[in-house]
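Please look over the sequence and the structure shown below. The paragraphs after them go through the chains and their parts step by step.

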There are 4 protein chains.
Amino acid sequence: MKAGVIGATGYAGAELVRLLSGHPKVEELYLSSVSFEGNQIEEIYPNFLNRISCELLKAEEVIAASDVVFAALPHGIGEKYAAGCIKKKKSFIDLSADFRFDDEDIYTAWYDGKKYQYPELHIDSVYGLPELNRHKIKGLFKKGLIIGNPGCYPTGSSLGAFPALKKGIVGEGPIIIDAKSGVTGGGREPARAFHYPECADSVAPYRIASHRHSPEIARNLAVMAAEGNNPAPQVIFTPHLAPMNRGILSTIYIPLSAEWREESLNNLMPPKAKNEGKAAEIRKLYEDFYKDEPFVRILPYGLTAATNRVRQSNFCDISVHLDINGSTLIVTTAIDNMMKGAAGQAVQNMNILFNYDEKAGLEAIPALF
Amino acid sequence: MKAGVIGATGYAGAELVRLLSGHPKVEELYLSSVSFEGNQIEEIYPNFLNRISCELLKAEEVIAASDVVFAALPHGIGEKYAAGCIKKKKSFIDLSADFRFDDEDIYTAWYDGKKYQYPELHIDSVYGLPELNRHKIKGLFKKGLIIGNPGCYPTGSSLGAFPALKKGIVGEGPIIIDAKSGVTGGGREPARAFHYPECADSVAPYRIASHRHSPEIARNLAVMAAEGNNPAPQVIFTPHLAPMNRGILSTIYIPLSAEWREESLNNLMPPKAKNEGKAAEIRKLYEDFYKDEPFVRILPYGLTAATNRVRQSNFCDISVHLDINGSTLIVTTAIDNMMKGAAGQAVQNMNILFNYDEKAGLEAIPALF
Amino acid sequence: MKAGVIGATGYAGAELVRLLSGHPKVEELYLSSVSFEGNQIEEIYPNFLNRISCELLKAEEVIAASDVVFAALPHGIGEKYAAGCIKKKKSFIDLSADFRFDDEDIYTAWYDGKKYQYPELHIDSVYGLPELNRHKIKGLFKKGLIIGNPGCYPTGSSLGAFPALKKGIVGEGPIIIDAKSGVTGGGREPARAFHYPECADSVAPYRIASHRHSPEIARNLAVMAAEGNNPAPQVIFTPHLAPMNRGILSTIYIPLSAEWREESLNNLMPPKAKNEGKAAEIRKLYEDFYKDEPFVRILPYGLTAATNRVRQSNFCDISVHLDINGSTLIVTTAIDNMMKGAAGQAVQNMNILFNYDEKAGLEAIPALF
Amino acid sequence: MKAGVIGATGYAGAELVRLLSGHPKVEELYLSSVSFEGNQIEEIYPNFLNRISCELLKAEEVIAASDVVFAALPHGIGEKYAAGCIKKKKSFIDLSADFRFDDEDIYTAWYDGKKYQYPELHIDSVYGLPELNRHKIKGLFKKGLIIGNPGCYPTGSSLGAFPALKKGIVGEGPIIIDAKSGVTGGGREPARAFHYPECADSVAPYRIASHRHSPEIARNLAVMAAEGNNPAPQVIFTPHLAPMNRGILSTIYIPLSAEWREESLNNLMPPKAKNEGKAAEIRKLYEDFYKDEPFVRILPYGLTAATNRVRQSNFCDISVHLDINGSTLIVTTAIDNMMKGAAGQAVQNMNILFNYDEKAGLEAIPALF
């Protein structure tokens with residue numbers, strides 16, 4: 001199979017190159033880059049020396065040569081390439097936000113006022129979160145499908161809340177998602193916020209109540225709630241920048257409905273540590289929900305999610321806890337933002353699309369350090 | 001004035017030594033350490049070479065020689081020294097948890113089942129959060145006072161929630177505190193969790209719903225709420241370890257009462273960015289609350305708290321935001337856990353106790369990097 | 001094929017487990033650990049959940065079940081296991097220093113006065129630096145061979161100096177190796193020196209003129225020099241600890257013989273940057289020396305070695321430069337200390353021993369971040 | 001006294017602002033910035049909120065209002081301001097390279113071909129390394145002096161080699177300086193090399209044999225050697241970037257003359273660890289050389305320099321060792337690159353110039369973490 005990557009020299013693009021070059025089904029790889037056309041990818045990323053050697057072409061050349069095209073471009077410029085692919089019944093897996101929303105108004109409101117240029121493409125495109133939409137993707141490679149690959153924060157946030165929403169254990173009040181991301185999330189272009197001395201040895205929130213991933217998360221949670229005939233929750237999302245390269249840790253606070261609350265303890269007294277009661281029931285519920293998912297790990301009792309347990313892998317780790325009063329579910333999730341949060345998930349989508357083993361090319365064991 | 005530090009070779013103790021050695025009122029400094037008795041402090045911390053030279057004595061010698069004694073000991077072993085000080089009408093500023101609780105049951109339940117050995121000492125001791133209890137400390141040096149210096153997490157958490165609680169703008173539901181700490185918070189003793197390769201380049205929560213600082217935070221919030229004749233809130237506290245040396249960033253989610261909510265926006269649409277409405281009112285309320293506090297900075301509109309803005313200083317930075325739905329107040333606070341979260345606050349307490357300028361010895365401008 | 005790892009829960013052991021579990025020729029994996037016998041490896045390293053599940057046995061059980069045994073033990077306790085293996089004609093790849101020296105006196109002098117307990121085993125054992133001794137290892141699996149896997153520093157240091165020594169371009173004076181290592185080099189046991197707050201945000205040398213890897217480096221360089229009929233050089237080796245997880249960067253200063261010096265420039269004037277003259281000749285010489293080596297990359301003109309270019313891979317990157325006066329060769333090398341510096345090289349040795357493709361199980365492309 | 005800073009919003013400029021605002025002799029502070037003229041410094045650096053409030057003026061206004069002017073500008077644009085100061089008999093302390101060289105040819109060759117625009121200013125200007133030129137600076141504030149503040153690398157490198165050169169213990173062969181710097185050394189402007197994901201968790205050399213600080217170091221060493229009637233040494237300088245904010249660690253290899261060598265040991269055997277022989281003699285020689293220096297600390301036997309021991313201070317720590325063969329002196333030095341390597345040294349120069357206590361404003365004890 002022949003795969004192409006448009007925008008191969010950004011971080012997500014280069015990670016795609018790394019993954020696809022080791023993918024057992026990918027026989028040829030075509031890459032493009034506006035900034036570095038004519039260069040070799042291994043000149044831009046000397047990490048690839050002796051392993052990957054590939055010239056950077058024009059996007060059109062990549063599309064012509066490939067069976068599936070990944071686009072790792074800034075928002076708002078990939079639609080025309082998607083149109084080109086669909087015309088040739090080739091699938092297009094877009095890592096930007098351009099195909100994440102059915103509702104153009106939401107996209108326009110959050111993404112610099114941009115309008116869809118090819119509105120018809122958005123009707124049949126699929127939001128590529130496999131745990132939500134696998135059935136809409138599976139085996140459609142012959143037809144040519146546009147997949148909007150999810151944002152990094154929405155992936156870790158949604159997977160942590162899905163089972164609770166589907167099963168209807170959520171009570172009144174907002175679901176609060178407090179997320180901590182590594183700096184690769186900011187992309188490859190140097191900027192003050194990601195300048196080493198400005199972000200090393202420090203943690204800070206940013207874009208409080210105004211991050212573009214907020215509506216994507218809220219939409220995902222609403223869709224899953226609706227699948228269980230439950231109401232859409234209110235969502236509060238706060239991203240933070242942490243001094244690490246990769247990873248997103250999401251701490252998710254979900255108010256429980258009355259029947260799922262543990263008998264309330266005194267605010268001031270410690271809980272008895274034991275694996276029983278509502279917390280254990282809810283963990284079981286999460287395990288059941290994800291029992292066939294190849295990349296979701298519900299952690300055993302006693303562990304919490306940690307970004308260094310999923311490093312370099314496509315896993316999403318999830319841990320389930322009850323707050324000290326028994327009224328709120330605390331879920332922690334960890335993903336590698338470049339893998340399950342971007343390139344890894346895109347490859348997972350390709351695998352589903354082409355009826356490959358969903359784990360093909362994604363079997364890396366999380367690096368220990 | 002003569003100051004003593006018992007337990008001078010732990011991280012908080014050494015930070016106290018650094019601060020006290022530069023304090024304009026401290027003429028003599030006496031230090032003790034069980035582990036390193038007979039050594040010089042500058043042998044244990046070569047950073048101090050050419051600046052601080054001081055032999056490590058016995059605790060009893062330190063008490064005998066000092067006008068005020070700081071104890072930076074593990075929990076449960078300082079009471080006898082406190083008793084020794086009070087007998088001589090010397091003040092005792094304790095950085096452990098031993099004097100943070102009036103209610104022995106809470107202490108016992110959370111601190112390894114320990115009982116108070118000198119219950120009478122706890123009647124007159126004061127919880128040393130100046131923004132709460134300054135009036136109970138001020139000028140009492142002649143009498144001899146025991147001060148329980150607050151925990152690091154409780155300091156950053158409480159200061160962020162106090163104005164809302166006092167002013168009664170809090171509505172139904174739990175106050176959720178999601179805190180991210182640097183690794184010095186774990187102390188000087190090597191342990192797997194703080195071994196460089198285990199915590200570098202990673203973020204993870206720990207002791208979810210079971211951290212010892214939970215009851216201290218809940219108690220503080222209840223006390224301040226009561227001062228405004230408001231009910232005690234439910235509190236959920238989740239600590240995280242972040243790969244940085246110093247600092248605690250607390251992101252605090254406070255449900256607003258109906259009258260303080262902004263007209264609700266659609267969950268899926270971006271807020272208009274402007275400094276007006278309820279968010280501006282609440283920022284004003286916070287500014288008023290802290291207007292005379294020397295170490296609390298309410299950040300101007302547009303900024304969030306960041307640990308690298310308070311580094312090496314005794315400041316607590318606070319930013320105030322409204323969630324996207326207008327229903328929840330999002331407060332972020334940043335402190336240096338070794339300063340306002342430990343040694344700096346202890347010196348602040350000493351300054352209050354002795355009627356010194358509260359900023360004496362604590363005027364360091366936050367280091368830029 | 002069946003592989004065993006004794007000491008599987010230390011860092012090098014766990015990295016071996018990770019590599020061997022993905023190795024195309026390894027069908028069964030047996031692990032032992034004194035500290036965690038009876039546990040599952042995935043309990044100790046939850047990174048492995050859903051990918052590797054393996055009980056920790058006794059060392060003897062591992063030896064009985066395996067065709068090749070890797071030992072990742074502290075120095076001085078593996079000889080008896082080696083003896084057990086050899087008796088059964090099974091090969092033993094030892095990651096400790098126990099089989100790195102023919103000369104027992106050197107071993108004894110540097111390793112706590114320890115004596116060889118099975119001196120006869122050391123006669124036929126091979127120092128497993130493939131670029132030096134591949135021919136002594138290749139295909140010997142039937143006979144049963146003991147391989148002393150090289151130290152991390154000696155690997156990066158030796159590979160950078162070998163071509164110069166073999167080709168006889170080295171002049172008078174010491175070869176100086178200034179090496180910077182990540183913290184995993186210190187192993188998994190917590191210790192003050194590797195406690196996060198003690199080593200983060202700082203660089204420092206340690207064991208100047210007294211590190212155990214010094215004699216191993218000096219020996220390697222002498223052996224290679226002798227292969228070219230050149231005299232053994234004097235070696236100065238200084239290790240440093242840098243705040244990173246993985247990697248060793250070695251900067252190697254090699255005095256050139258008169259004929260290999262560039263026409264000397266003024267000490268105070270900049271060199272003309274161009275890829276010609278002696279520097280280019282020497283780069284060519286290095287390229288030729290390593291042209292058939294699967295894991296050595298001589299970097300193109302303009303690049304220097306960097307630890308983040310070999311991260312998670314078995315590569316040793318090498319760059320070649322001339323000092324400003326043209327009198328000294330400056331070589332920089334980068335390895336991942338856990339891969340080419342430990343577990344990766346051990347697997348490479350296994351591949352050679354068993355006549356497998358030398359790259360089997362070691363094809364990971366260096367992770368970009 | 002009134003101090004001015006031109007270029008106050010770069011890293012060195014801002015660090016100057018922080019130091020000068022706490023300096024006991026500085027009563028008024030005037031700042032300028034081309035990029036942010038009209039803003040307040042505390043808007044650019046919110047760290048300064050509540051402590052420093054100062055409008056950013058034009059450079060000319062700063063010069064008019066100040067008794068001494070610090071310039072923290074890019075190379076090649078400060079001369080005209082220096083001229084303006086000298087005309088008014090005000091001193092000018094320049095943190096750029098513009099006044100570091102008497103020899104214009106060297107400056108021109110290394111700094112983009114730039115020529116001196118006011119050659120006469122360079123005749124009386126002084127290279128402001130106090131340990132070399134204090135006597136040329138002391139008390140000259142009335143006359144108006146231009147001081148070329150040294151580069152960061154040259155400071156740490158020169159101080160480590162000076163005693164050996166003055167005392168004539170240096171033998172044949174190059175002095176090799178292998179230096180490791182924190183990322184603030186690259187300044188405040190974002191660039192790929194200093195983008196967090198590109199430099200975190202990695203060490204790499206850069207500008208091998210071609211860094212601009214090379215001729216400054218070589219010149220300094222030649223000057224000091226000449227003071228002892230010794231020949232100028234050949235110098236090799238290799239800078240590295242390490243993942244830390246502040247600090248430079250320099251490892252300096254100095255060949256010893258025959259009489260200063262320790263009786264040579266076998267290359268392969270460990271040295272006896274003891275504080276005696278030539279190493280002890282040389283340490284004594286270093287102690288004597290620096291015995292009156294307020295900011296140089298010769299570390300006691302058993303310690304090495306470490307950047308986290310001088311953090312936030314103006315100290316230069318120096319340790320002295322003998323290589324394993326007794327033929328080479330290994331000196332390690334550590335400075336905070338923003339302090340002794342830039343702003344701190346500039347303030348030290350001001351103190352000398354104005355006959356203040358040389359330590360005024362520079363008494364910070366190195367931060368422990």
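How many residues of chain B are in contact with residues of chain D? The model is a predicted one, and in it 27 residues of chain B touch 27 residues of chain D. On the side of chain B that touches chain D, helix 1 (residues 11-21) of chain B gives the most, with four residues. Sorted by class, the residues on that side of chain B are 13 nonpolar, seven polar and seven charged.

Chain B is superposed on chain A by a rotation of 180° with 0.0 Å of shift along the axis, and the RMSD is 0.0 Å. This is the relation of a two-fold axis. In chain B, the C-alpha of B:P243 is the one nearest the axis, 3.2 Å from it. Again, 100% of the interface residues of chain B are also interface residues in chain A, so the copies meet through the same surface.

Now turn to the inside of a single chain. Strands of a sheet pair through backbone hydrogen bonds, either parallel or antiparallel. In chain A, seven strands form an open sheet with mixed pairing, in the order 9-10-8-11-14-13-12. Strand 9 (204-205) and strand 12 (296-298) of chain A stand at the edges with a single partner strand each, so one side of each has no neighbour in the sheet. Strand 12 of chain A runs parallel to strand 13 (residues 316-322) of chain A, and three bridges join them. One residue pair to find is A:I298 and its bridge partner in strand 13 of chain A, A:I318. Helix 11 of chain A packs on the sheet and touches strand 12, strand 13 and strand 14 (328-335) of chain A. The direction of helix 11 makes about 155° with that of strand 13 of chain A.

Which residues make the contact between helix 8 and helix 11 of chain A? First, the arrangement: helix 8 (residues 152-167) and helix 11 (residues 277-289) of chain A pack at an angle of about 100°, with their axes 10 Å apart. That angle makes helix 8 of chain A roughly perpendicular to helix 11 of chain A. Helix 8 of chain A contributes A:F162, A:P163, A:K166 and A:K167 to the contact, and helix 11 of chain A contributes A:L285, A:Y286 and A:F289. This contact of helix 8 with helix 11 of chain A has five nonpolar, no polar and two charged residues.

Seven of its strands form an open sheet in the order 9-10-8-11-14-13-12, with mixed pairing. Strand 11 (residues 248-255) and strand 14 (residues 328-335) of chain C run antiparallel and are joined by eight bridges. In strand 14 of chain C, C:L329 is the bridge partner of C:I254.

Last come the predictor's own scores. Chain A has an average pLDDT of 96, and 99% of the residues score at least 70. For the complex, the predictor gives an ipTM of 0.97 and a pTM of 0.98.

Notes. Residues numbered from 1 in each chain as written. Chains lettered and ligands numbered in written order. Predicted model: local features only at pLDDT ≥ 70, side-chain atom pairs only at ≥ 80, totals over all residues. Least-squares fit on C-alpha atoms with pLDDT ≥ 70 in both. Contact = placed C-beta atoms within 7 Å. Axes fitted to C-alpha atoms, helices over the stretch in contact; angles between N-to-C directions. Helix = DSSP H or I, 4+ residues; strand = E, 2+ residues; numbered from the N terminus. Parallel < 35°, antiparallel > 145°, perpendicular 65-115°, else oblique. Nonpolar A, V, L, I, M, F, W, Y, C, P; charged D, E, K, R; others polar. Pairing = 2+ DSSP bridges. pLDDT = per-residue confidence, 0-100.
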